[in-house]
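This report describes a protein chain together with its ligands. Please consult the sequence and the three-dimensional view shown below while reading.

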Amino acid sequence: MSEPHLARVIPLRELRSASADAQIAAYATKTAGKSVLDRLGRPLRDLRISVTDRCNFRCSYCMPKEVFGRDYRYLPHDSLLNFDEITRLSRQFVELGVRKLRLTGGEPLLRKNVEQLVRQLSELRTPEGEEIDLTMTTNGALLASKARALKEAGLNRVTVSLDGLNDEVFKRMNDVDFPVGKVLKGIEAAQAAGISNIKVNMVVKRGTNEHEVLPMAKFFRGTGVTLRFIEFMDVGATNGWRMADVVPSEDIVRLISSELPLVPLAASSAGETAQRYGYAGQNGQPDKLLGEVGVISSVTKAFCSDCNRARLSTEGRLFLCLFGSQGVDLRQFLRGENPMSDVELINVIAGIWQSRADRYSELREKVLVMPSLQRSARPEMSYIGG
Ligand code: SAM
Ligand code: SF4
Ligand code: SF4
């Protein structure tokens with residue numbers, strides 16, 4: 001889990017003399033059709049990029065007020081990766097097989113001019129010349145004012161987090177008195193701007209918002225927005241997680257189907273985190289017009305065997321698992337007197353991925369007693385990006 005990743009990095013070749021483009025082309029030819037695999041045979045496909053560790057919400061399960069209060073010290077601005085650094089790193093990840101980039105945080109819409117970063121990333125292409133699947137996870141608070149600029153910059157997908165439709169419940173969860181209506185306005189603005197693929201994420205916590213599951217399902221059914229329920233996870237060290245607060249996805253599916261019949265759907269891509277269900281029409285078959293829901297069973301049904309995600313923290317540390325206690329500082333390779341070439345970066349990142357053997361969720365029960373996995377040692381979700 002928390003192996004010293006760099007210790008296993010494949011040796012760097014001394015390639016600085018030839019042109020970087022030619023070297024990358026050579027690398028791409030050598031690896032064409034092959035994937036960089038980790039120690040458990042998993043390819044690297046998905047990169048989540050945290051663009052800020054700040055947030056305008058204080059969701060109790062993520063950034064509880066008692067910890068993230070007035071005195072909390074956020075990262076200084078010059079320690080954040082700038083847009084060119086993020087783009088440059090992303091390009092190397094794409095060379096290594098990443099096909100999906102997700103901007104997250106903290107709250108990504110708080111990062112000044114984030115649409116400029118969206119523009120830069122939307123211009124990246126795979127070695128085959130195809131577009132990258134670029135998306136963003138946001139709490140939606142600023143989406144109404146940003147949706148158009150984001151779409152114009154090239155964002156075609158967005159995931160909005162919303163934990164209920166009842167104002168009292170939602171305000172208690174975001175802990176900054178933020179009303180549901182404004183998030184819904186953000187979703188409407190995204191639709192109006194032409195962002196075609198919109199998902200809503202709802203974290204379900206027992207005794208807090210489980211009674212919002214059905215109202216949410218009924219509200220979003222048939223709107224073209226896909227709702228996904230996420231099990232409350234033991235990420236970070238500060239959210240007071242207890243197994244007793246987790247509502248298993250199975251219960252959620254049972255609850256929804258009791259009123260709105262569901263039909264299981266096949267995964268749309270390898271490594272997909274959500275189990276998908278279509279709403280059944282009169283004939284008992286999935287009705288496209290009614291749309292679908294998904295459940296993400298991060299706790300009760302670990303999906304580590306297919307996990308193809310890496311995470312880049314706000315200051316450029318590479319994490320290979322949401323529960324990894326240490327990341328690898330990639331920023332050091334970009335800055336300073338002797339920054340690495342693209343080929344060197346590709347080699348370093350490939351080596352880090354090849355050394356990966358994380359599967360925390362699969363081992364959760366067995367390893368909770370291991371010191372390296374004690375919660376105090378784990379990075380916060382708002383820092384490495386959810
Ligand atoms: N601020 C943005 C937002 O809330 O959408 C992006 C960052 S947030 C860390 C990304 C996602 O992680 C959100 O959908 C949030 O609900 C989810 N999340 C945060 N803490 C979680 C936890 N303890 N268990 C499950 N999901 C969590
Ligand atoms: Fe902020 Fe998102 Fe965490 Fe809520 S889940 S505190 S909105 S980063
Ligand atoms: Fe991936 Fe780690 Fe989550 Fe398993 S626990 S699915 S390896 S991020």
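A polar contact is a pair of N or O atoms within 3.5 Å; within protein, one must be able to donate a hydrogen and the other to accept it, and residues adjacent in sequence count only if both atoms are side-chain atoms. The model is predicted, so local features need pLDDT of at least 70 and side-chain atom pairs count only at pLDDT 80 or more, whereas totals for chains, interfaces and linings use all residues. Residues are numbered from 1 along each chain as its sequence is written, chains are lettered from A and ligands numbered from 1 in the order in which they are written, and side-chain values use heavy atoms, with hydrogens and water left out.

## Ligand 1

A backbone N or O atom of Met-233 lies 2.9 Å from a nitrogen atom of the ligand, and a polar backbone atom of Gly-106 is 3.0 Å from a nitrogen atom of ligand 1. On its own, ligand 1 has 540 Å² of accessible area, of which the protein covers 95% (areas come from the Shrake-Rupley method with a 1.4 Å probe; for residues, only the protein chains shown count as cover).

Strand E3 (133-138), strand E5 (197-204) and strand E6 (226-231) are the elements that give two or more residues to the shell around ligand 1. Helices (H or I, at least four residues) and strands (E, at least two) are DSSP runs, numbered from the N terminus. There are 20 residues around the ligand, and Tyr-61, Gly-106, Ser-161, Met-233 and Met-381 come nearest; a residue is near a molecule if one of its heavy atoms lies within 4 Å of it. By class, this shell holds eight nonpolar, 10 polar and two charged residues. Ala, Val, Leu, Ile, Met, Phe, Trp, Tyr, Cys and Pro count as nonpolar, Asp, Glu, Lys and Arg as charged, and the others, Gly among them, as polar.

Cys-59 belongs to the loop between strand E1 (46-50) and helix H2 (83-95). With 14% relative accessibility, Cys-59 counts as buried (buried means under 20% relative accessible area, exposed over 50%, partly exposed in between, with a 1.4 Å probe and protein chains only). Not counting residues up to four places away in sequence, Cys-59 touches Pro-64, Met-173 and Asn-174, where contact means heavy atoms within 4.5 Å. Its C-alpha atom is 6.0 Å from that of Asp-175, although Cys-59 and Asp-175 are 116 residues apart in sequence.

Around ligand 3 there are 13 residues, the closest being Cys-304, Cys-307, Cys-321, Leu-322 and Ser-361. Strand E10 (309-312) and helix H11 (360-367) each supply at least two residues of this shell. Its classes are seven nonpolar, one polar and five charged residues.

## Overall fold and nonpolar core

The protein chain contains 12 helices and 12 strands, and buried residues make up 56% of its 386 residues. Its accessible surface comes to about 17000 Å², with 51% belonging to carbon and sulfur atoms. Of the contacts between residues at least 6 apart in sequence, 72% join residues at least 24 apart.

The largest nonpolar core has 106 residues, among which Phe-229 and Leu-330 touch the most other members. Such a core is a set of buried Ala, Val, Leu, Ile, Met, Phe, Trp, Tyr and Cys residues joined through side-chain atoms within 4.5 Å. Beyond four places in sequence, the contacts of Phe-229 include Met-202, Val-204, Val-213 and Ile-252.

## Selected buried positions

Arg-157 is placed in strand E4 (residues 157-161) and is buried, with a relative accessible area of 13%. A polar contact of 2.8 Å joins its side chain to that of Asp-133. Neighbours of Arg-157 beyond four places in sequence also include Lys-100, Arg-102 and Lys-199.

Val-183 lies in helix H6 (residues 180-193) and is buried, with a relative accessible area of 0%. Leaving aside neighbours within four places in sequence, Val-183 is in contact with residues including Asn-139, Ser-161 and Phe-170.
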